[in-house]
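Colleague: I would like to learn how to read contacts, charge pairs and helices in a model. Can we work through one together?

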Amino acid sequence: MPDHERTTDRSALRADCARCFALCCVALPFAASSGFALDKPAGKPCPHLRTDHGCGIHAGLRERGFTGCTVYDCFGAGQRVSQVTFGGRDWRGAERAEARLMFDVFPVVRRLHELLWYLAEALDLDAARPLHAELRQARERTEELAGEDAEALAALDLDAHWHAVAQLLLRVSESARHGVGRKKGKDGRGANLIGARLKDADLRGVTLRGACLIAADLTGADLRGADLIGADLRDADLTDADLTGALFVTQPQLNAAKGGPGTRLPGSLVRPVHWTTG
């Protein structure tokens with residue numbers, strides 16, 4: 001298969017809940033907040049989890065106070081840990097130590113799969129062609145790490161690998177944003193933009209890496225070519241905004257935001273259901 005086809009196929013990086021043992025409903029902690037209606041410690045099943053690993057309130061999660069569940073995405077880590085790392089063994093029937101190991105490994109693989117998503121996107125960018133060799137090497141190393149056994153994954157220095165890949169992705173961003181309507185001085189990296197009024201703003205080619213855009217008004221904003229890796233878009237209003245060509249946007253970011261039928265999205269992502277149902 002040609003390299004271009006491999007990079008555009010991200011099917012393994014999309015959640016397949018039917019092949020997962022509901023790891024996100026057990027391994028991760030919940031804190032009673034606007035995203036969750038109750039407290040739940042890590043490793044304890046959600047009280048709404050059924051014995052078949054389905055959610056008992058799936059159709060009404062947002063109405064019941066579990067918007068956090070509708071925002072979350074594991075990038076395919078759930079089915080990988082369930083079916084590959086642990087060979088199809090269910091945590092319900094596992095020894096306590098093995099179940100705990102499964103819960104510890106799940107968020108590690110999730111972060112590695114998120115990196116694989118970014119690397120796949122980077123390899124599809126024509127502007128990043130000079131970096132393709134390094135990107136392929138980083139992708140192969142990340143895939144290799146994600147395929148390690150459970151003990152190795154639990155002991156992995158994930159922060160070191162994440163930092164190395166992040167530096168490479170930063171170089172990709174600089175190359176891809178070069179000349180895309182960028183204006184001198186427009187750098188929103190890590191900026192505190194909570195509730196910012198950015199309606200109809202020209203943000204083409206701007207870096208908003210790690211920016212806090214909670215509840216920001218981005219209606220009608222032009223975000224073409226903007227770098228949104230790690231940006232917090234919770235309750236940000238993207239109605240009629242243009243995100244075509246925006247860099248490193250993920251489905252969880254969109255799921256956490258508000259939008260509508262006029263919001264233009266990168267081709268790899270889907271319009272969240274609640275954008276049309278309220």
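**Contacts, charges and a helix**

Modeller: Start with R10, whose contacts beyond its neighbours within four places in sequence are W117, A120, E121, D124 and S268. Keep in mind that the model is predicted.

Colleague: Where is R10 found?

Modeller: R10 sits in the loop between α1 (3-8) and α2 (67-71).

Colleague: Is R10 buried or exposed?

Modeller: Buried means under 20% relative accessible area. R10 has 8%, so R10 counts as buried.

Colleague: On to charges. How many salt bridges does the model have?

Modeller: Here is the general idea. Side chains of opposite charge can pair when their charged atoms come close. In this model the count comes to 17 salt bridges. One of them joins R110 and E114, with the closest N and O atoms 2.9 Å apart.

Colleague: Where do R110 and E114 lie?

Modeller: Both are in helix α4 (residues 96-123), four residues apart, about one turn of the helix. The general point: an α-helix has 3.6 residues a turn, so residues three or four places apart point the same way.

Colleague: And are R110 and E114 buried or exposed?

Modeller: R110 is buried at 16% relative accessibility. E114 is buried too, at 13%.

Colleague: Which residue forms a salt bridge with R177?

Modeller: E174 does, and the closest N and O atoms are 3.0 Å apart. R177 is buried at 1%, whereas E174 is partly exposed at 34%.

Colleague: What about D232?

Modeller: D232 forms a salt bridge with R234, with 2.6 Å between the closest N and O atoms. R234 is partly exposed, with a relative accessible area of 45%.

Colleague: Which residues are linked in a network of salt bridges?

Modeller: One such network links D202, R204, D222, R224, D242 and R264.

Colleague: Back to α7. What span should its 20 residues have?

Modeller: At 1.5 Å a residue, α7 should span 28 Å. Its end C-alpha atoms are 28 Å apart, so the two values agree.

Colleague: Which residues of α7 are buried?

Modeller: Among them are L158, H161, V165, L169, V172 and A176. R177 is on that list as well. The cover over the buried residues of α7 includes α4 and α5 (132-146).

Colleague: What comes just after α7?

Modeller: G179, which takes a positive phi of about 80°.

Definitions and conventions: Residues numbered from 1 in each chain as written. Predicted model: local features only at pLDDT ≥ 70, side-chain atom pairs only at ≥ 80, totals over all residues. Heavy atoms only, no water. Salt bridge = Lys/Arg side-chain N within 4 Å of Asp/Glu carboxyl O. Helix = DSSP H or I, 4+ residues; strand = E, 2+ residues; numbered from the N terminus. Buried < 20%, exposed > 50% of the residue type's maximum accessible area, 1.4 Å probe, protein only. Contact = heavy atoms within 4.5 Å. Expected span 1.5 Å × (residues − 1).
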